[in-house]
Amino acid sequence: MERKTDLTRLLFSISSLADLGQEVSSAKDVEEKMRSALYVVTGMFSVPRAALLAYTPRRRCMEVLAGKGVDAAPDIRLCVDAVHLKSFPMNELVACDDLAGSPLYERNREAFRRLGTKTFVPLFAKNECVGALSLGKRLSRNAYLRSEKDALKAAAHQLAITLQNARLFLKLSEKVAENKRLYENMRQIYLDTIQAFAAAIDFKDDYTKNHSLRVATYAAAVAGDLGWQEKDIEAIYIAGLLHDIGKIVIDSGIINKRDELTTRERDVIRTHPQVSYSILSKIRFPWKNVVQFIRHHHERIDGGGYPDSLSEGELSEGAKILNLADAFDAMVTDRPYRDRLTLEEAFREIRRCRGTQFDGRISDVFCDLLRKEMDGDVMQARILPQLRKIGALQLEPAGTLYEA
Ligand SMILES: [Fe+2]
């Protein structure tokens with residue numbers, strides 16, 4: 001009879017350990033996983049009150065990660081020194097009477113009382129303390145049989161490994177989050193530096209204050225409307241900010257000349273996309289195609305542009321967008337040699353050059369987008385605020401932009 005009871009108990013322990021294995025290897029989050037594991041263990045030994053504590057070496061304490069019957073006291077904490085840890089047997093139970101005399105108990109008397117600890121099992125994985133299991137009074141009997149101690153040791157070992165994995169995962173997640181934060185900081189510094197460059201480029205030209213910023217904004221708005229990916233939109237924005245960097249080497253006298261340019265002066269100005277390309281091609285941008293967009297921002301789809309006289313099929317969508325954004329900003333701002341066009345006139349000019357200088361689809365997307373912004377049909381207007389800043393909206397009733 002006794003043998004039969006022992007066998008039943010053994011089978012129960014084995015099946016419980018199998019349940020525990022399933023719980024700790026499930027895809028649940030660590031707290032839920034540990035709560036389920038704790039319920040399996042308390043079921044194994046008929047303990048209604050128990051807690052699983054996780055050890056944090058940095059804070060030298062153990063805190064309740066999962067509890068049963070101790071939920072009302074989530075703030076329970078055991079202060080644990082390295083010296084206390086050395087006196088612990090690894091993954092083996094320590095009975096209440098043995099615990100009572102230890103420095104650990106004396107230091108945490110109140111916490112043990114609140115936990116209702118009758119049996120304490122320090123959890124170790126690879127000789128490293130990762131937490132502890134506190135078990136309250138048993139419903140069935142007080143003393144643990146040898147076979148139960150063995151089963152508890154096996155369960156403790158599983159819990160310890162699970163806790164250690166959770167700790168490693170947390171460390172890794174923290175590292176990933178920190179790297180992400182560092183990358184974001186670096187990216188912001190990079191963007192700020194490029195914006196400062198753009199301001200320096202525009203500063204040289206009396207008439208083009210913030211031109212680069214506006215071109216970048218218009219180009220990014222069109223790319224967004226065309227469904228470009230976030231990273232590619234950022235690339236064209238950067239290209240917009242830097243497209244005229246080559247003008248830095250051109251004499252201000254030529255750039256700001258009020259009279260008509262001579263052929264030689266025009267040729268000098270026309271070198272700037274190539275110079276921009278030469279300066280920037282040495283930089284390893286974290287975005288694709290930035291330098292190509294910049295090199296080709298004065299190309300036309302009929303092949304009449306510069307510096308490479310590329311035509312429609314040879315030009316990237318980015319270069320075509322940048323070309324239109326640049327030309328549009330030039331139209332609606334004053335230049336040394338002419339006054340700016342009204343918005344209506346600029347629209348007419350875009351329509352006139354559609355299919356020769358500008359790509360037809362991109363012209364349509366740009367004009368539609370601006371109309372939608374003027375009609376309030378977009379979540380966030382991007383072109384309109386820039387036009388408002390340069391006073392390009394005052395004469396324009398939106399309706400005039402709809403004419404064919
Ligand atoms: Fe340019």
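Which residues are the protein donors of the iron ion? They are Asp-244 (OD), His-272 (NE2), His-297 (NE2) and His-298 (NE2), at 2.2 to 2.3 Å from the ion. Donors here are N, O and S atoms within 2.8 Å of the metal (3.2 Å for Na, K and Ca), and water is not among the atoms, so sites may look incomplete. The model is a predicted one, in which local features need pLDDT of at least 70 and side-chain atom pairs count only at pLDDT 80 or more, while totals for chains, interfaces and linings use all residues. Residues are numbered from 1 along each chain as its sequence is written, and side-chain values use heavy atoms, with hydrogens and water left out.

The angles that the four donor atoms subtend around the iron ion run from 81 to 169°, which makes the arrangement irregular. Four donors count as tetrahedral if all angles lie between 85 and 135 degrees; four count as square planar and six as octahedral if opposite donors are over 155 degrees apart and all others between 65 and 115; anything else is irregular. Along the sequence the donor residues follow the spacing D-x27-H-x24-H-H. His-272 belongs to helix α12 (residues 272-280), and His-298 to the loop between α13 (290-295) and α14 (317-331), so the pair ties together parts that are 26 residues apart in sequence. Helices (H or I, at least four residues) and strands (E, at least two) are DSSP runs, numbered from the N terminus. His-272 and His-298 are both buried, a term that means under 20% relative accessible area, with exposed over 50% and partly exposed in between (1.4 Å probe, protein chains only).

The loop between α13 and α14 also holds Pro-307. Tyr-306 and Pro-307 are joined by a cis peptide bond with an omega of about 10°. Helix α14 has 15 residues and spans 21 Å from its first C-alpha to its last, close to the 21 Å expected at 1.5 Å a residue; the expected span is 1.5 Å times one less than the number of residues. Of the 15 residues of α14, 14 are buried, so this helix is largely enclosed by the rest of the structure.

Twelve of its 15 residues are buried, so α8 is largely enclosed by the rest of the structure. The cover over these buried residues includes α7, α9, α14, α16 and α17 (383-389). Not counting residues up to four places away in sequence, Thr-217 touches Tyr-237, Arg-382 and Gln-386; contact means heavy atoms within 4.5 Å. Just after α8, Gly-227 takes a positive phi of about 85°.

The axes of α7 (residues 146-203) and α9 (residues 230-242) come within 8 Å and cross at roughly 30°. That makes α7 roughly parallel to α9. Axes are lines fitted to C-alpha atoms, for helices over the stretch in contact, and angles run from 0 to 180 degrees between N-to-C directions. Angles under 35 degrees count as roughly parallel, over 145 as roughly antiparallel, 65 to 115 as roughly perpendicular and the rest as oblique. The residues making the contact include Leu-191, Ile-194 and Phe-197 of α7 and Tyr-237, Ile-238 and Leu-241 of α9.

Ser-363 is in helix α16 (residues 360-374) and, at 2% relative accessibility, counts as buried. Leaving aside neighbours within four places in sequence, Ser-363 is in contact with Leu-324, Ile-350, Arg-354 and Phe-358. The C-alpha atoms of Ser-363 and Lys-320 are separated by 9.4 Å, although the two residues are 43 apart along the chain.

Most residues other than glycine have a negative phi. Asn-91, in the loop between α3 (82-86) and β4 (94-95), has a positive phi near 55° and counts as buried at 6% relative accessibility. Lys-126, in the loop between β5 (119-125) and β6 (128-135), has a positive phi of about 45° and counts as exposed at 75% relative accessibility.

Taken as a whole, the protein chain has 17 helices and six strands. Of its 404 residues, 46% are buried.
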